[in-house]
Amino acid sequence: MKISYNWLKTFIPLEQPLEEICEMLTMSGLEVEHVYPIENIKGGLKGLIVGEVLEKQKHPNADKLNLTKVDIGNETPLAIVCGAKNVEVGQKVIVAPVGAFVHPVDGERFEIKKAKIRGEVSEGMICAEDEIGLGSGHEGIMVLDSKNTAGAVVADLYDVKTDYQIEIAIIPNRGDAISHLGVARELQALTGLKYKKPSLETIDARGQMKVEVAIENQEGCPRYSGITISNVTISESPAWLKERLQSIDLKPINNVVDITNFIQHELGQPLHAFDYDLIDGKRINVRNANSGEVLTTLDDVERKLQPHNLLICDEEKPLALAGVMGGAESGVSLDTKNIFIESAFFDPAVVRKTAKEFGLNTDSSYRFERGTDPEMVTYALHRAVNLILESAGGEINSELVDIYPEPIEPKQIEIKLDDLNTFVGHNIPEEKVSEILQSLEIKILANNNKNLFLEVPKYRPDVERPVDIYEEILRIYGFDSIPIPQKVNYIPSIISDTSPNKLQTKVSDHLSSIGFNEILNNSLVPSQLYNEEQLSQAIYMLNPLSNDMNVMRQELLNSALSSIAYNVNRKNNNVKFFEFGKTYFKKNDKFIEKQYLQITASGNRHPEHWSAKPVKISVEQLINVGQHLLRRLNIAPKHYKKLIVVETITKAMMKQNQLKQEAVSIQIDWDACLKLANDKFILEEIPVYPIVRRDLSLVVNKSASFDAVQKIAKQSLQHFLKDILLFDVYEGKPLKDDQKSFAVAFFLYNPKKTMEDNEIDELMEKLITNFENNLNAIIRK
């Protein structure tokens with residue numbers, strides 16, 4: 001939310017420096033994100049000087065340019081090349097000398113530098129109005145009154161107003177603060193200064209152009225007010241109004257629309273102006289949509305309405321999406337003569353659902369979704385009438401209609417001072433508590449020095465419980481005002497070594513230590529990733545933010561490939577990622593969540609280095625990583641094959657994720673790992689006898705897996721096999737295209753004696769025979 005500092009000071013007489021004000025707001029929960037200096041004239045005319053044209057002659061090398069000599073009050077006149085047709089000797093003009101910055105109305109600022117233009121030196125620029133923020137005309141240079149003195153500062157000739165735009169991050173429960181009035185109320189509590197609402201002039205609300213109002217859905221619209229003004233003149237807004245809107249980056253449209261926008265940002269109450277003559281039957285009905293109804297909104301989009309959408313309608317048709325956006329056919333235009341001004345209180349949930357459904361986020365919906373003040377409805381309407389009569393003329397031609405069948409009652413809450421002090425961890429004096437509550441406009445209905453019975457203002461729907469009151473008192477009292485105790489007592493919790501969080505941290509730490517980076521991807525993905533069969537089990541979002549986020553993901557692979565593509569496209573070609581994440585399915589009307597660990601890599605195994613040739617990372621290496629993780633979790637090897645699944649990455653998947661570099665990935669069933677992991681370790685004696693290593697190079701078909709190699713080795717060597725290590729995988733010449741080579745180390749051990757050569761050879765021959773028979777392997781020793 002953007003706030004104008006000058007505008008804010010019309011509500012509350014701030015005395016503190018701006019930096020202190022921003023610090024107060026941030027510490028109270030309204031975080032100030034940015035502060036920007038602004039001027040009503042772009043650039044503030046800084047560095048510009050009044051000059052007098054002394055000489056003018058044609059440029060020798062350009063027909064459309066002139067060479068001028070301009071006096072700016074210095075000893076030596078400036079030589080300036082000028083292309084304006086209206087430049088003449090004796091004129092008083094605005095000059096941007098070398099080093100000054102020029103701020104065009106429709107462009108970025110630029111610095112004036114000494115230059116040669118078609119061979120002639122130019123030491124500045126004689127300015128047109130659009131080049132310095134004084135207008136939009138570019139027919140020629142600006143010519144000043146001849147009474148001005150050469151060398152005078154241009155900024156002194158104009159009413160240059162400076163201001164600061166304060167950008168505040170509003171959390172969802174602070175709808176009361178989304179306006180200048182709301183921030184002023186907050187500063188009243190923080191500074192002790194009193195804020196003041198704008199004064200209202202008495203209006204004579206009567207006439208013959210009354211619009212009848214009926215509310216069919218009173219839950220969606222508890223209060224609706226309106227009034228008719230006739231014979232208005234739709235025109236450009238007055239300067240003060242345009243300046244206010246521009247100070248918070250709003251573009252002025254016309255006087256009536258600008259006033260509704262002004263009041264929305266001033267008081268936090270959205271308003272809407274209808275063309276009275278376009279309201280059929282001169283009747284407003286607040287109702288839900290009928291099936292098949294459509295409405296073309298102000299953004300010229302035709303929207304198909306659903307029965308849960310709340311509408312503002314006349315006798316024949318919908319006029320607006322209540323609290324979200326008006327209709328294109330009933331809005332104010334230059335031809336409008338009579339207007340009906342709407343001010344209402346809508347249920348936040350109803351507005352939020354409609355806005356999200358149509359993908360709309362308007363200034364109006366932003367406020368209604370967070371909750372507005374039901375007591376501000378008629379006040380804001382009255383304020384709008386005053387301003388419209390002042391800037392657009394006309395006369396009131398109806399009574400002020402106010403339909404409020406069941407007034408909203410303020411919440412009443414009882415708090416205990418002892419509970420407050422326990423919550424805060426510090427004793428706040430009762431007098432201070434009362435002072436803070438009064439500054440927050442929370443009424444104290446009863447006080448027995450132990451308990452307080454309070455009434456919360458209606459503009460604070462987020463304050464519902466005693467703890468909410470405690471938080472309000474604490475944030476105004478100041479977190480910095482709570483002393484830090486010398487001694488802190490706590491009871492440490494004992495976390496099992498097999499708790500899910502501890503195991504996940506253990507695995508994450510290990511993967512990070514061997515060069516993998518953890519990624520966190522959105523659980524919402526585009527439905528285009530899945531086929532019809534998969535989509536039959538998909539969980540769709542009811543109100544997706546976009547088509548790229550309309551279903552819950554059913555796997556983690558596509559997210560990982562997308563992350564790899566993002567990095568590869570930015571020349572980070574060697575990446576190793578892991579992600580803990582959930583997948584989501586719907587089967588037989590039941591929602592199913594499963595958690596997996598996805599390990600994905602692309603590029604070379606190690607960073608490029610002169611001492612080693614680059615080796616592409618392989619799926620076998622990822623399997624080894626996965627198996628090592630399972631060993632760290634003390635999971636028995638017999639479970640490895642079920643827990644680790646090698647992913648198939650198709651060309652279609654690579655194209656979908658815009659990935660041009662091959663990748664490999666494995667998926668580990670993390671839910672199953674949590675069930676199988678245990679913290680009981682079986683200790684083995686340190687080997688007494690030597691461990692023997694034998695290496696084999698197996699040339700096998702490309703389709704053969706290392707799992708098959710391990711299985712045959714375990715069956716052949718049985719208890720003599722201490723360990724097995726895949727230390728190289730090779731593809732390429734002199735091997736055939738359908739072949740690859742595994743370089744494998746086998747570690748043999750006999751716990752009863754030192755193994756002899758003939759015993760080892762016998763075991764290896766048996767192993768080689770089984771490789772040849774079962775894998776059609778070619779052995780290279």
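A salt bridge here is a side-chain nitrogen of Lys or Arg within 4 Å of a carboxyl oxygen of Asp or Glu. Lys and Arg count as positive, Asp and Glu as negative; His and the chain ends are not counted.

The model is predicted: local features need pLDDT of at least 70 and side-chain atom pairs pLDDT 80 or more, while totals for chains, interfaces and linings use all residues. Residues are numbered from 1 along each chain as its sequence is written, and side-chain values use heavy atoms, leaving out hydrogens and water.

**Stop 1: Asp163**

Select Asp163. It lies in strand E13, residues 162-169 (strands are DSSP runs of at least two E residues, numbered from the N terminus). Asp163 is buried (under 20% relative accessible area, 1.4 Å probe, protein chains only). It has no salt bridge. Arg244, the nearest side chain of opposite charge, is 5.4 Å away.

Now show Tyr5 and Asn6. The Asp163 side chain reaches the backbone nitrogen of Asn6 at 2.9 Å and that of Tyr5 at 3.3 Å.

Leaving aside residues up to four places away in sequence, Asp163 touches Ser4, Tyr5, Asn6, Tyr36, Pro37, Ile38 and Ser247.

**Stop 2: the cysteines**

Look for disulfides (paired cysteine sulfur atoms within 2.5 Å). The count is zero.

Cys127 is buried, at 0% relative accessibility.

Move to Cys221 and Cys313. The closest cysteine sulfur to that of Cys221 is in Cys313, 12 Å away, so it is too far for a bond. Cys221 is buried, with 0% relative accessibility.

Key: Helix = DSSP H or I, 4+ residues; strand = E, 2+ residues; numbered from the N terminus. Buried < 20%, exposed > 50% of the residue type's maximum accessible area, 1.4 Å probe, protein only. Polar contact = N/O pair within 3.5 Å; in protein donor to acceptor, adjacent residues only side chain to side chain. Contact = heavy atoms within 4.5 Å.
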